[in-house]
Amino acid sequence: MSREERRQERRRSEAELIGAVAAGSSSALTGIHEQYSSMLLGIATRILRNRSEAEEVLQEVFVQVWRQARRYDPDRSSLSTWLVLLTRSRAIDRLRSRRVQQRTVAEVREEGVVRHESQSGPGNVLMRERRRRLTAEMGRLPTEQREVLELAFFSGLTQREIAAQTDTPLGTVKTRTLLAMRKLREALREEIEELL
Amino acid sequence: MSEPTTRDRSDNELLELIDALARGDLEAASVAERRQREWVELFGLLGCEAEPLAFDPGLEERLLGATRGGFDEANAEDASRPRSGAWRLVAAVLLALVGTNGWLLWRAKNAERTVTRLESELEHARAEDARLAAAEQAAAEVRSRLDLVTSADTEYCPLRPPAGSAAPQARGTVIMQAKRDEWLLQVEGLGPAGEGYEYRLWFLIGDGYVAAAHFDVEAPDQPVQVHDRGLPAGMTGVMLTREPLGVENPRGGEPPLLFGDERLRIL
């Protein structure tokens, strides 16, 4: 299957899935859960450093998806990106509005970090491969470039805030951001093309 | 001052877009231009770096059950009745016009909400039974780890404390199965990381590294096992460090606690 065919197939399946959710299909919502929940829970947990808060955020996201599926516009973003941005936005809001206390050992255990395990079901093969590619490419970025992207995405910091937090000139932060984004865009061109 | 070049303008647009997305401004994603759409999708891909986490069946039931309950309550009003604000006005007018009958109608609506809430609570109670399924899942995990350790293609990377390590008594092994894209970390000899700190496992790739896991230890010499999927291509080594909470990159300045760069096969 060519890249264009894969992209069309993805857009069709996403349109069908989200359309079914908008029509009130709980099985379609379950389908979204099966495919994306592990990734979204991972993102929320990474941002909030607290599994129970992350689960609350995810519930809010799924309620929003359930109620506002009609508002999803495939021309604005792919379904996965829409879900990621919703989850991230809610997690960042919670991060800003609540102080994230230092974790006790008990909280770390509650998160299951010591016995951490992630699973990939049949519907998550694409997610797993995508993560593998992203992880590898992020690993190839210089530390300072990866840091600015992670602070922007997982901590919700603007360029100016990153500069203040890292005690780095704003121009340097901007340069690192641009270099990092351009490198990733080149390296992940295929993945991005399939999401357009 | 010279006019900004086309590249300067596009750089500024990209930085403004990233700042807007960083702040959580979802409307920033509402762009028709294909070129900016690429950056939005790339920004969304950054989330893939986070480790995906498994749902236990009980949580899934509660999540989907509560979500459907919320939809049924809200959507039934949206789909079949006037908008909620207008409905309240209509209800108020009816109450005023029909008097006692209106009061009875209101009581019936209240009872309907109570039934919906009780049904939701019943679903939660049923979800508790799903914890038994979680125990079965844990047993399956143990079997999976046994398969990993005994597979013919499994490789082992011994972890040893380098000179100057703050944990000279610690030892570890990373067991890897490239075909299954799976790994298992075993560590002994560590104590609790200390308040405000945690242990982080890193996979080295060339001159860089990627975070693989983070954990803490409850008691001195408590054995640790971490099991996950995702072996990066071109991995050259493994290291374990102690980092402040919330740090995304090693601080440096002191040797890792454990390090290994061998890949050995026993079977």
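In the predicted model, buried residues account for 43% of the 267 residues in chain B. Chain B contains five helices and nine strands. Read from the N terminus, its elements follow the order α-α-α-α-α-β-β-β-β-β-β-β-β-β. Among contacts in chain B between residues at least 6 apart in sequence, 63% join residues at least 24 apart.

Within chain B, R23(B) belongs to the loop between α1 (6-22) and α2 (34-45). The relative accessible area of R23(B) is 44%, so this residue is classed as partly exposed, the class between under 20% and over 50%. Leaving aside residues up to four places away in sequence, R23(B) is in contact with R88(A), R96(A) and T158(A). Elsewhere in chain B, R242(B) is placed over the face of Y197(B), with a distance of 3.8 Å from the ring centre.

Contacts with chain B were also found for a residue of chain A. T81(A) lies in helix α4 of chain A, which spans residues 79-97. With a relative accessibility of 2%, T81(A) is counted as buried because the cut-off is under 20%. When residues up to four places away in sequence are not counted, T81(A) touches L195(A) as well as V40(B), E41(B) and G44(B).

Aromatic rings were examined next. Over all chains, the search of the whole structure gives six aromatic pairs. One of these is formed by Y72(A) and W82(A), a tilted pair with 5.1 Å from centre to centre and 45° between the planes. This pair links distant parts of the chain, ten residues apart: Y72(A) is in the loop between α3 (51-68) and α4 of chain A, and W82(A) is in helix α4 of chain A. Y72(A) has a relative accessible area of 9% and is therefore buried. W82(A), at 15% relative accessibility, is likewise counted as buried.

A further aromatic pair is made by F153(A) and F154(A). The arrangement of F153(A) and F154(A) is edge-to-face, with 70° between the planes and 4.9 Å centre to centre. F153(A) is buried, at 0% relative accessibility, and F154(A) is buried with a relative accessible area of 4%. Ring pairs join F153(A) and F154(A) with F43(B) in a cluster. The ring of F153(A) also has the charged end of R88(A) over it, 5.2 Å from the ring centre. R88(A) is also one of the residues touched by R23(B).

For the second largest cavity, the volume is about 50 Å³. Its lining consists of R10(A), R11(A), E14(A), A15(A), Y72(A), P74(A), S77(A), S78(A) and R37(B). Helix α1 of chain A, residues 3-22, contributes the most to the lining of this second largest cavity, with four residues. By residue class, the lining of the second largest cavity comprises three nonpolar, two polar and four charged residues. Y72(A), one of the lining residues of the second largest cavity, is also the partner of W82(A) in the tilted aromatic pair.

Definitions and conventions: Residues are numbered from 1 along each chain as its sequence is written. Chains are lettered from A and ligands numbered from 1 in the order in which they are written. This is a predicted model: local features need pLDDT of at least 70, side-chain atom pairs count only at pLDDT 80 or more; totals for chains, interfaces and linings use all residues. Side-chain values use heavy atoms; hydrogens and water are left out. Helices (H or I, at least four residues) and strands (E, at least two) are DSSP runs, numbered from the N terminus. Buried means under 20% relative accessible area, exposed over 50%, partly exposed in between (1.4 Å probe, protein chains only). Contact means heavy atoms within 4.5 Å. On a 1 Å grid over the protein atoms alone, a cavity is a set of points where a 1.4 Å probe fits but cannot get out, and a pocket is an open set with protein on both sides within 12 Å along at least five of seven lines; lining residues have an atom within 4 Å of a point. Grid points are joined across faces, edges and corners, and a volume is the space filled by probe spheres set on the points. Ala, Val, Leu, Ile, Met, Phe, Trp, Tyr, Cys and Pro count as nonpolar, Asp, Glu, Lys and Arg as charged, and the others, Gly among them, as polar. Rings of Phe, Tyr and Trp (its six-membered ring) pair if their centres lie within 6.5 Å; planes under 30 degrees apart count as stacked, over 60 as edge-to-face and the rest as tilted. A charge sits over a ring if NZ of Lys or CZ of Arg is within 6 Å of the ring centre and within 35 degrees of the ring normal.
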